[in-house]
Amino acid sequence: MDKPADHPDIPQPKVGILVVNLGTPDAPTTQAVKRYLKQFLSDRRVVEIPPLIWQPILRGIILNTRPQKSAKAYAKVWTGDGSPLASFTIAQSKSLGRRMQAVADVRHAMRYGNPSVPDQLAAMKAAGCNKILIAPLYPQYSGATTGTVLDEAYAALTRMRWHPAIRTLPPYHDDPAYITALKMSVEASLAQLDFTPDALVISFHGMPERTLHLGDPYHCHCQKTARLLSEAMGRELVVSFQSRFGRAKWLEPATDATLMQLARDGRKKVAIFAPGFSVDCLETLEELAIQGHEQFEEAGGTHFAYLPCLNDSDIGMDMLETLIRREVSGWV
Ligand SMILES: C=CC1=C(C)c2cc3[nH]c(cc4nc(cc5[nH]c(cc1n2)c(C)c5CCC(=O)O)C(CCC(=O)O)=C4C)c(C)c3C=C
Ligand SMILES: [Fe+2]
Ligand SMILES: [Fe+2]
């Protein structure tokens with residue numbers, strides 16, 4: 001008698017892997033950035049101000065001023081393949097697809113913009129995936145990043161009659177595979193420099209400080225990543241938080257202030273990296289590598305290096321494959 005798995009009428013389990021990142025504008029233009037920021041900054045997980053107060057500020061002030069300024073910043077880092085965040089995320093998804101082609105259908109989605117999480121879940125379902133791993137590519141958990149990706153996925157599932165089985169990739173801020181990949185990548189980048197840094201700065205995207213007091217683990221996850229990496233590398237790392245937005249108090253110390261203070265303290269050779277971003281993007285390539293460099297030199301610094309994110313490097317992809325294979329084990 002046939003075993004059920006061999007029976008031609010019984011569908012074989014097909015595993016889907018959906019890697020998800022933040023999203024980015026379609027073009028470095030005021031209009032495209034405005035569309036993107038409207039969706040992004042209307043997410044109540046990102047701006048936790050009641051909509052009756054926040055929406056008039058967003059629509060009346062922010063969306064009439066910030067898109068033009070941000071579009072200029074995007075234009076400085078835009079490439080022939082589009083936004084760095086999009087092109088690196090696509091490269092990661094393709095690389096993972098090649099590595100796992102025997103066992104899974106790998107796709108990518110963006111929380112804001114396209115391809116959207118609901119569209120990609122529907123496409124995977126239509127392609128026969130009945131077991132799906134949702135993998136938000138944020139090492140450190142926050143409600144504003146991992147949380148909102150999962151909200152979006154679960155909301156899409158509520159509209160499906162026949163759910164696929166779902167697993168989610170947990171935060172990996174303290175995973176030995178992630179810490180080892182960062183150590184290898186940072187040390188390889190440092191070995192390429194033509195100077196020895198007096199300080200190594202580890203910069204994470206900021207959040208309103210209030211989120212820490214409300215129980216968001218993001219700040220603790222960032223601090224733990226920094227501590228574990230510092231221990232693994234056997235050297236001091238200066239922790240800071242970048243990209244402040246709005247008037248509320250954000251996590252401190254701020255990266256710009258930290259860079260300027262280092263220069264004033266006589267630590268004039270600095271290398272900086274941002275391991276909370278799984279790929280390079282506006283916040284790393286423009287805010288750190290361009291603006292941070294200028295701020296550091298204006299404060300008297302002499303040597304500055306920005307060290308790249310893991311992106312789709314072999315080191316980074318080996319790490320992601322390890323984490324993802326672990327989550328789908330038993331399925332494949
Ligand atoms: C990696 C984690 C991120 C956290 C945490 C985060 C929180 C957060 N961000 C904003 C506002 C903006 N962020 C912007 C860009 C941006 N943010 C992240 C990641 C995190 N944000 C990335 C990867 C990017 C780059 C996107 C790209 O296209 O390359 C922007 C847009 C750019 C700009 O106008 O400055 C805004 C605005 C808030 C309010 C927030 C708090 C929870
Ligand atoms: Fe952000
Ligand atoms: Fe920024």
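**Close-up views of the predicted model**

**View 1. Residues surrounding ligand 1.** In this predicted model, ligand 1 is surrounded by 22 residues, of which the closest are Thr24, Ser70, Ala144, Cys281 and Leu282. Helix H2 (51–77), helix H5 (143–158) and helix H10 (282–285) are the elements that each contribute two or more residues to this shell.

**View 2. The largest nonpolar core.** The largest nonpolar core holds 80 residues, and the members that touch the most others within it are Ile17, Leu18, Val20, Ala135 and Val270. This core lies between domain 1 (15–171 + 315–328) and domain 2 (176–306), because both domains give residues to it.

**View 3. The contacts of Val270.** Val270, one of the core members that touch the most others, is shown with its contacts to Pro197, Asp198, Ala199, Val201, Leu259, Leu262, Phe296, Gly301 and Phe304, a list that leaves out residues up to four places away in sequence.

View 4. Phe245 is placed in the loop that runs between strand E6 (238–242) and helix H9 (255–264). Because 15 other C-beta atoms lie within 10 Å, Phe245 counts as partly exposed, a class that falls between buried, at 20 or more such atoms, and exposed, at 12 or fewer. Phe245 and Arg59 are separated by 186 residues in sequence, and their C-alpha atoms are 16 Å apart in space.

Methods. Residues numbered from 1 in each chain as written. Chains lettered and ligands numbered in written order. Predicted model: local features only at pLDDT ≥ 70, side-chain atom pairs only at ≥ 80, totals over all residues. Near = placed C-beta within 6 Å. Helix = DSSP H or I, 4+ residues; strand = E, 2+ residues; numbered from the N terminus. Core = buried A, V, L, I, M, F, W, Y, C linked by C-beta atoms within 7 Å. Domains from an automatic or database assignment. Contact = placed C-beta atoms within 7 Å.
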